[in-house]
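Hi,

Here is the structure I said I would pass on. Have a look at it first, and then read my notes below.

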Amino acid sequence: MAHGHQSYPPSHYPIITMAAQHHLIAQSSNGSLFAVQSSNSSSVIRCYDGSVSNGSLKFTLRIPPPPTGGSSSSSFGGDQEAANNDPIRKLVFASSSSSGSSSSSSSSSRYLCALREYTILVFDLERGVVSHTLNIRDDLLSGGKRGRKSSISGNDQIKAVVCDAALTEDDDQLCVLVLFPSSGEGGGKCRIYQYDLTATDSSSGLKRKIKVGSVSGTSGDQLPSFGVEVSSSSSSNKKNERVIAIRMNDGLRICDYYSGEKLCKSTIPNSEGGSIISSLRLSTCSRYLAAATKNQVVVYKLGNDQNDAKKKSTLKIVAQLSCK
């Protein structure tokens, strides 16, 4: 997604500003299906057959208008105007764990998730409709599944925004990176909200919340950049070894997937944010992490400090690839 350079007041993270024309593209895990959403037709998502060279259109999904109330960008009149002011930011395919070992295109991807400002539309591809909508602000104000009191103020809760989301394809868990902008400051706090996509609604689907940490604000024309990536259980080198990688502007965090424990952290050198949703990728062995900025790709290796008695996890740069 492209962005024009503009300066933001330090007390406010921007609601994402889409370019005049943009295209969002996602591919199913086995490559059999492509989803495309264009600013020229922001009320629909077109899904194409990925098994043929010309990519014939298989079906079209209609995007419902954003919910009314709770956000200044969601109170516009008319479906098209509302969609334009609260656009889809990212598309994520989800493979159904109940589909068994079948590799057919019809069963490879059961869900398609579409990220908005504070909601996530979950499309059931077998029925071609939105099966349910995840609303992070509803989950926040209700206190979550266990009813614990939040450490985040009510004003910051209602400003919460979806920054990014990553799918664990083997068990249909969606890890959503949520930002709570701090009032009067340029930064905020981040949490991971984990949802079970097989649940029928947002409240029953919310499994847990993981505290990630605080993030400082950006300055000048630098755009905030956030990203999340989750390793799959099948790619882990050791039993019960699985991680969540999080980017918050120029900071990186690695958390244990099962316990939520913070394992290690690092920074991105000469970071220049280019999009509120940034590219973050874990290798299939979960030992390497690539973080993309405007002009470079930084590759990290996740290891252990052999000189430390507890062999604490480390995240070290092994390569910086220039994109200039």
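Which residue lies over the face of Y118? That would be R137, at 4.1 Å from the ring centre. For a charge to sit over a ring here, NZ of Lys or CZ of Arg has to be within 6 Å of the ring centre and within 35 degrees of the ring normal.

Before going on, some ground rules. This is a predicted model, with local features needing pLDDT of at least 70 and side-chain atom pairs counting only at pLDDT 80 or more, while totals for chains, interfaces and linings use all residues. Residues are numbered from 1 along each chain as its sequence is written, and side-chain values use heavy atoms, with hydrogens and water left out.

The overall picture

The protein chain has five helices and 20 strands; these are DSSP runs numbered from the N terminus, with helices being H or I of at least four residues and strands E of at least two. Of its 324 residues, 51% are buried, meaning under 20% relative accessible area, where exposed is over 50% and partly exposed is in between (1.4 Å probe, protein chains only). Looking at contacts (heavy atoms within 4.5 Å), 49% of those with a separation of 6 or more are between residues 24 or more positions apart.

The cores

The largest nonpolar core has 23 residues, and I120, L174, V176, Y193 and L197 have the most contacts inside it. By nonpolar core I mean a set of buried Ala, Val, Leu, Ile, Met, Phe, Trp, Tyr and Cys residues joined through side-chain atoms within 4.5 Å. At least two residues each come from β5 (90–94), β6 (111–115), β7 (119–124), α3 (136–141), β9 (161–168), β10 (173–181) and β11 (188–196). β10 gives the largest share, four residues.

Strands pair if DSSP finds at least two bridges between them. Seven bridges join β9 and β10 in the antiparallel sense; A166 has C175 as its bridge partner in β10, and L167 has L174.

β2 and β3 (residues 44–49) run antiparallel and are joined by four bridges, with V36 opposite R46 in β3.

Rings

The structure holds one aromatic pair. The ring centres of Y257 and Y258 are 5.3 Å apart and the planes are at 85 degrees, so this is an edge-to-face pair. (Rings of Phe, Tyr and Trp, the last by its six-membered ring, pair with centres within 6.5 Å; planes under 30 degrees apart are stacked, over 60 edge-to-face, and the rest tilted.) Y257 is buried at 5% relative accessibility, whereas Y258 is partly exposed at 42%.

Loops to check

Most residues other than glycine have a negative phi. N249, in the loop between β14 (243–248) and β15 (251–256), has a positive one near 55 degrees, and is buried at 6% relative accessible area. S286 has a positive phi of about 65 degrees; it lies in the loop between β17 (280–282) and β18 (288–292) and is buried at 7%.

Cheers
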